[in-house]
Amino acid sequence: MKYALFVFAATLVAFAHSFPLRLGGVNTAGYDFSVDTNGTYSGKFAVPPSNEYAHFSAEGANLYRVPFAWQLMTPTLGGDINTTFFDQYNTTIQQALASNSTAYAIIDLHNYARFNGGIISQGGPTNEQFASIWTQLAKLYGSNDRVIFGLMNEPHDLDVPTWAESVQFVVNAIRSAGATNYLLLPGSNFTSAAAMPTVAGPYLVNITDPLGGTSKLLLDVHQYLDSDNSGTHAECVTSNTDVLSTLVDFLKANGNRQAILSETGGGSTASCEDDLGAELAFVKSAYPSLVGFSVWAAGAFDTSYVLGVTPDTNGTDQPIWTDAVVPNLPVEKEQAQDALFLL
């Protein structure tokens, strides 16, 4: 018994500066619609419905990832933020934050480490141009620690050491702008959790934070449960617990680092209700190594979307949300509703 208490106490000390609470929620897509994996944008977006945030928070969610197209925020590469778009986007962010007193929002640059086909610092945008959008956002959101900066969605097919240098460059720039927010460090292979320990992870764990320490630098990972890990099929074939267990071992072996599963999901099918439920239960049990999760996706997706968790017009949730996600959310439903009442 004394040994067990010692191990528990040692774990608490090791994670003394970890993320302050467990996170769980949903991606609310729309501002990213029509961004291709080559970083091009065809000019069609939709605004996530504002009522979703209070709806999901009432069920225990406290995390909302809101992806956006680089071209919408700064139409000219390296140029100023489009204030008209920012005002619209920021309204959504504030709705997410207002849905619960402990809610967090991830502002997610959803461009695959590319702008109109060019890879950052690898023939495309310069590191300075990449940093430009983030230093501007840092000045707008840098005083609110409940806004998490998702530096880039799903980098892929690039030189990893060079990409890690780009990530370090933008981390330094954000801190120079005065922001102290949590930062999500994106890997490679579409931010694959399976690839993180052996491909990008060994480089990302060496990124330093000018604030000191690494507690505000979280590794950003995605992992789907269908046959090809694409998140395009309604059926699931794995719970990913082996992948995530390997990731946790890697995090612990590298200074008790932390990661967040910012995309995962499945269809409203029996296989996915079982597998996604098991995956999210593992994430829940692995805190603080795994800070939490946000499933894909609600927002402007209609209810026919294959991985959709958008509620029906009458407020009824999709089965995958009710059966697999809600039991693993950070806040008990009754407590969440009490918190909303107090807002």
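## Basis and overall build

Helices (H or I, at least four residues) and strands (E, at least two) are DSSP runs, numbered from the N terminus. The protein chain has 11 helices and 10 strands. This is a predicted model, in which local features need pLDDT of at least 70 and side-chain atom pairs count only at pLDDT 80 or more, while totals for chains, interfaces and linings use all residues. Residues are numbered from 1 along each chain as its sequence is written, and side-chain values use heavy atoms, with hydrogens and water left out.

The C-alpha trace spans about 50 × 50 × 45 Å along its principal axes. The radius of gyration, taken over C-alpha atoms, is compared with a globule rule of 2.2 Å times the number of residues to the power 0.38. For 343 residues, a compact globule would come near 20 Å; the protein chain has 19 Å, which agrees.

## Burial and contacts

Buried means under 20% relative accessible area, exposed over 50%, and partly exposed in between (1.4 Å probe, protein chains only). Of the 343 residues in the protein chain, 56% are buried.

Contact means heavy atoms within 4.5 Å. Take the contacts with a separation of 6 or more: residues 24 or more positions apart account for 78% of them.

## Aromatic pairs

Rings of Phe, Tyr and Trp (its six-membered ring) pair if their centres lie within 6.5 Å; planes under 30 degrees apart count as stacked, over 60 as edge-to-face and the rest as tilted. This rule gives 18 aromatic pairs. One of them joins Phe19 and Tyr182: it is tilted, with 4.4 Å centre to centre and 50 degrees between the planes. This pair links distant parts of the chain, 163 residues apart. Phe19 sits in the loop between α1 (2-14) and β1 (23-29), and Tyr182 in the loop between α6 (160-176) and β7 (183-186). Both Phe19 and Tyr182 are buried.

Phe301 and Tyr305 form a stacked pair, 3.8 Å centre to centre with 5 degrees between the planes. Phe301 is buried, at 17% relative accessible area. Tyr305 is partly exposed, at 22%. Elsewhere, ring pairs link Tyr31, Phe45, Phe68, Phe85 and Tyr89 into a cluster.

## A buried alanine

Ala61 lies in the loop between α2 (51-57) and β2 (63-68). Its relative accessible area is 0%, so Ala61 is buried. The C-alpha atoms of Ala61 and Gly25 are 4.6 Å apart, although 36 residues separate them along the chain. Leaving aside neighbours within four places in sequence, Ala61 is in contact with Gly24, Gly25, Phe56 and Leu329.
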